[in-house]
Amino acid sequence: MDSTSPEPSLYTVKAVFILDNDGTRLLSKYYDPELYPTMKEQKNFERNVFNKTHKADNEIAFLEGMTIVYKSSIDLFFYVVGSAQENELMLMSVLNCLFDSLSQILRKNVERRCLLDNMEGVFLVVDEIIDGGVILECDPQQVLQKVNYRQVTESGYGFVLFDYITGSVEGQSERSQLLQTTTRYQNRALHST
Amino acid sequence: MIKNGSNPFQHLEKSAVLQEARIFNETPINPRRCLHILTKIIYLLNQGEHFGTTEATEAFFAMTRLFQSHDQTLRRMCYLTIKEMANISEDVIIVTSSLTKDMTGKEDVYRGPAIRALCRITDTTMLQAIERYMKQAIVDKVPSVSSSALVSSLHMVKGSYDVVKRWVNEAQEAASSDNIMVQYHALGLLYHLRKNDRLAVTKMLNKFTKSGLKSPFAYCMLIRIASKLLDETEGGHDSPLFDFIESCLRNKNEMVVYEAASAIVHMPNCTARELAPAVSVLQLFCSSPKAALRYAAVRTLNKVAMKHPSAVTACNLDLENLITDSNRSIATLAITTLLKTGSESSVDRLMKQISSFVSEISDEFKVVVVQAISALCQKYPRKHSVMMNFLSNMLRDDGGFEYKRAIVDCIISIIEENPESKETGLAHLCEFIEDCEHTVLATKILHLLGKEGPRTPQPSKYIRFIFNRVVLESEAVRAAAVSALAKFGAQNDDLLPSVLVLMQRCMMDSDDEVRDRATFYMNVLQQKQKALNAAYIFNGLSVSVPGLEKSLHQYTLEPSEKPFDMKTVPLATAPITEQKTEIAPVATSKLPEKLAPSRQDIYQEQLSGIPEFQGLGPLFKSSEPVQLTEAETEYVVRCIKHTFARHMVFQFDCTNTLNDQLLQKVVVQMEPSESYEVIHYVPAASLPYSQPGSCYTLVRLPDDDPTAVSCTFSCTLKYLVRDCDPNTGEPDDDGYDDEYVLEDLEVTVADHIQKVLKPNFGAAWEEVGDEFEKEETFALASVRTLDEAVGNIVSFLGMQPCERSDKVPENKNSHVLFLAGVFRGGHDVLVRARLALADGVTMQVTVRSSEETVVDVILASVG
């Protein structure tokens with residue numbers, strides 16, 4: 001932590017990752033090419049962070065010269081990493097947005113199994129919150145609206161069939177389907193807040 | 001889809017997934033299955049699975065077919081795949097037209113992500129083709145489109161600055177958007193495009209600080225820009241920028257308030273009054289229910305406490321409450337802050353608190369704790385026994401290199417500050433090296449043992465620890481142990497026989513360096529001569545290593561009958577600069593430590609490149625720069641005095657601050673007051689606006705009177721002026737001569753003496769002998785304290801204080817100062833000054849040197 005003030009820049013987030021309760025990587029993105037350039041260094045860092053944080057839910061830690069904010073839910077651990085000079089509250093707002101958006105997509109079942117079943121939604125949410133280290137959006141409602149993701153339900157097979165049938169007449173049905181899903185999400189959002 | 005098993009992705013086979021990807025080519029497209037396969041591919045990439053170029057390209061091309069489907073999630077996953085594969089697949093630009101279509105299409109959900117994916121695969125040449133679309137997208141009324149375009153532009157500034165800078169007007173328009181994220185991204189892009197143009201940044205700041213912003217992120221960015229600008233322009237704290245930052249302390253968003261408080265705390269030269277409002281908001285944050293906010297607050301307060309401990313005392317109560325915080329990082333920071341602000345009486349209690357949880361915190365914070373203890377020892381030396389106890393316990397715990405090094409450094413500094421703690425400290429360190437895996441630390445401790453051990457009442461007890469290292473350790477440690485042993489043998493006659501026996505054993509070591517050292521020391525010790533011991537065992541070489549290397553290389557190139565003369569090698573400058581490391585969690589630097597050539601080696605190199613200065617011999621000493629003009633004048637001139645054996649070279653670094661003038665044939669004319677003789681002027685050929693140039697003056701020192709060491713020169717800058725166009729720099733054809741009077745330049749005795757550190761002053765004193773010893777007593781009437789007297793003498797003579805004698809213990813009425821140096825021409829000179837405080841300070845100076853005139857010179861100049 002040197003004494004200089006942070007350089008004015010939009011590049012706030014150095015890395016974000018989601019680990020399970022064994023410390024295994026489920027998703028991770030590194031945005032600063034100079035920080036842990038190899039997969040081995042990244043996994044070592046994640047291992048070190050996990051060992052130091054999984055026992056106590058402390059929200060914030062300082063490791064290997066990085067500020068790390070984190071949160072856990074059942075068998076999942078969410079981490080957002082920034083430089084030592086970074087405003088901790090900015091990192092916190094990214095973490096909260098990530099957690100709240102996923103929580104809504106997973107219908108409050110923020111646990112490993114459910115997350116893995118909806119992995120594409122998770123990838124899309126992360127992509128909408130951070131772009132190359134820049135905070136793109138930090139309002140969960142906006143993120144959900146942009147991702148517009150439908151959760152895989154038990155009637156998943158029905159959807160496949162539905163998609164298959166509508167495949168030929170997609171052009172017409174798509175618009176109404178889109179409207180339906182967005183209103184459905186907005187209603188749910190209203191409901192939950 | 002695999003529904004059982006805990007992780008559906010766990011046993012994914014890359015080849016199987018790529019096989020599955022063939023269904024991308026089936027008609028009609030099955031969105032759900034394709035989606036799942038894309039997810040698997042991205043998951044594999046994320047796990048670090050390596051994709052070969054051919055297989056990646058194949059999968060990528062198959063994926064492009066999925067653009068025919070209108071399934072939203074599938075399309076979005078295609079964008080992600082494009083971004084993930086941009087670097088591993090070939091010909092990714094094939095999707096350019098599909099993405100351009102989505103980017104300009106009607107579906108708002110696609111447009112933003114399509115822009116981001118497109119910019120990921122676009123280079124400078126292709127960027128021009130989509131420039132029109134990018135400009136439109138930046139000012140698009142849909143926030144996600146505008147944000148995506150702005151952020152993508154920012155990413156591309158690095159590679160295509162010239163194209164992106166044409167979009168400033170659009171970015172400017174976006175900055176007044178109602179959407180908070182668009183505003184933030186626009187501000188970030190604008191700053192990035194303009195950051196090298198201070199005027200434009202100032203204008204931008206003025207505009208936004210007046211109009212106000214909606215986004216808290218944008219406010220944080222603005223605060224950072226403002227504080228950077230304040231720092232660069234050295235703007236006073238009455239500037240509107242400072243007012244703006246201070247006003248942000250009253251923002252309703254915590255993030256902004258914290259950013260502003262942190263910016264104020266980081267400003268250099270902040271007064272206690274200016275800090276107060278920032279400190280009081282941080283104090284409020286200390287009791288926040290949010291751990292991140294408490295952490296941020298206490299970390300920043302910790303920083304304040306380093307420079308202004310009194311400003312933080314108001315928060316002591318809040319900090320005490322944080323000691324029991326369940327987040328150990330917060331507790332550690334709170335304690336270390338309290339250690340800096342607290343009183344002597346609270347130390348014991350705080351130390352007890354720390355020891356209760358030190359094992360639970362990370363190495364980074366352990367280092368912070370050790371550094372806080374180290375600072376505390378300097379503040380309250382009487383507490384050293386408590387600290388030493390605590391440190392020795394920490395030394396026994398597990399921990400990495402940085403942590404152990406911090407503890408060892410701390411113990412060493414306690415030993416140096418408090419002589420009575422020496423024996424306990426050395427005992428702890430001895431125990432530590434018995435089981436130490438870090439070579440650097442072991443050698444450092446062995447060196448310290450060699451230096452301090454022989455002077456303790458019972459030197460023999462250290463021998464065992466040192467010799468154990470010779471038996472058990474790696475080469476580097478063994479070599480250091482041999483050197484340490486030699487010092488015991490040289491200082492303690494009764495130990496000498498046993499040391500010689502041990503040396504004999506070391507001469508059979510398997511490593512060359514260890515054997516060489518042992519043989520060398522063995523032979524020196526057997527001579528039993530004090531002078532040899534002092535020169536070759538205690539005080540070692542004082543030459544600059546790069547200089548020695550160069551001289552030896554030179555010698556081998558031109559073989560001669562004469563033996564190599566050590567005196568031709570330039571001396572090492574500024575031996576042992578003690579840098580107080582700042583007390584903060586250190587981001588471990590990854591820079592390899594290089595032996596950089598010293599400042600003097602660089603000068604030596606530069607001067608030897610000038611033909612007039614060849615044959616002057618090695619450069620003896622270069623002074624610190626002396627300013628010969630005021631800071632804000634037409635021409636800025638500073639002088640560096642280079643001393644050689646019989647000459648001096650004055651280097652004038654001149655800067656022309658007038659943009660309508662070109663100076664030529666610049667020299668500094670010098671008029672000496674004594675019998676110094678100016679031999680030669682080397683002019684600076686031309687001095688354009690704001691480009692520094694150097695001219696030189698060569699002066700011969702008087703041969704006939706070696707005691708004439710001080711002299712005053714009156715200096716005048718002479719030059720030919722050619723007026724020129726301030727915009728183009730094109731000069732007129734003819735010019736005129738002009739001159740400019742500079743301040744006088746002083747040469748003092750300090751310019752003739754180079755500092756040399758003698759680690760063992762007593763031995764050096766004996767080595768020089770009393771053949772030319774002279775002694776005189778002076779009364780320094782105008783000096784009030786011993787500290788002040790010591791400071792004056794050191795800076796006047798320009799010699800190196802040894803044995804830490806430049807630090808005067810508190811509440812003492814007398815002190816002995818030891819100074820060592822080398823006089824021009826290579827004569828060692830040592831000064832012992834006994835100081836006594838009565839009304840003024842009385843000083844008895846004893847000077848020893850290998851040359852009588854040197855002794856006279858020193859005494860004459862002191863008088």
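Select A:Arg107 to begin, a residue that sits in the loop between α2 and α3 (112-117) of chain A. In this predicted model, the phi angle of A:Arg107 is near 50°, which is a positive value in a residue other than glycine.

Next, go to the place where the two chains are joined by a pair of charged side chains: select A:Asp131 and B:Arg116, which form a salt bridge whose closest N and O atoms are 2.9 Å apart. The pair runs between chains, with B:Arg116 in helix α6 (residues 108-120) of chain B and A:Asp131 in strand β6 (residues 130-131) of chain A. Over all chains, the count of salt bridges comes to 45. For the complex, the predictor gives an ipTM of 0.80 and a pTM of 0.65.

Now stay with chain B and select B:Pro28, which is placed in the loop between α1 (14-20) and α2 (31-46) of that chain. The peptide bond to look at here is the one from B:Thr27 to B:Pro28, which is cis, with omega near -10°.

Further along chain B, display helix α16 (residues 254-266) and helix α17 (residues 272-285), which pack at an angle of about 135° with their axes 9 Å apart. At that angle, α16(B) and α17(B) are therefore oblique to each other, and their crossing is left-handed. The α16(B) side of the contact consists of B:Glu254, B:Val257, B:Tyr258, B:Ala261, B:Ile264 and B:Val265, which meet B:Glu274, B:Leu275, B:Ala278, B:Val281, B:Leu282 and B:Phe285 in α17(B). Of the residues in this contact, 10 are nonpolar and 2 are charged, while no polar residue is present.

Which residues meet between α25(B) and α27(B)? Select helix α25 (residues 401-417) of chain B and helix α27 (residues 439-452) of chain B, whose axes are 10 Å apart at a packing angle of about 10°; the helices are therefore roughly parallel to each other. On α25(B), B:Phe401, B:Lys404, B:Arg405, B:Val408, B:Asp409, B:Ile412, B:Ile415 and B:Glu416 meet B:Val440, B:Leu441, B:Lys444, B:Ile445, B:Leu448 and B:Lys451 of α27(B). By class, this contact has 8 nonpolar and 6 charged residues, and no polar ones.

To finish, colour chain B by pLDDT, for which the average is 84, with 95% of the residues scoring at least 70. Among the elements of this chain, helix α9 (residues 143-157) has the highest mean pLDDT (94), whereas helix α32 (residues 530-538) has the lowest (75). Two stretches call for careful reading. Over residues 1-5 of chain B, pLDDT stays under 50, and the model has 6 contacts beyond four places in sequence for them. Over residues 574-595 of chain B, pLDDT likewise stays under 50, with 29 such contacts in the model.

How values were computed: Residues numbered from 1 in each chain as written. Chains lettered and ligands numbered in written order. Predicted model: local features only at pLDDT ≥ 70, side-chain atom pairs only at ≥ 80, totals over all residues. Heavy atoms only, no water. Axes fitted to C-alpha atoms, helices over the stretch in contact; angles between N-to-C directions. Helix = DSSP H or I, 4+ residues; strand = E, 2+ residues; numbered from the N terminus. Parallel < 35°, antiparallel > 145°, perpendicular 65-115°, else oblique. Left-handed = near helix turned anticlockwise from the far one by under 90°. Contact = heavy atoms within 4.5 Å. Nonpolar A, V, L, I, M, F, W, Y, C, P; charged D, E, K, R; others polar. pLDDT = per-residue confidence, 0-100. Salt bridge = Lys/Arg side-chain N within 4 Å of Asp/Glu carboxyl O.
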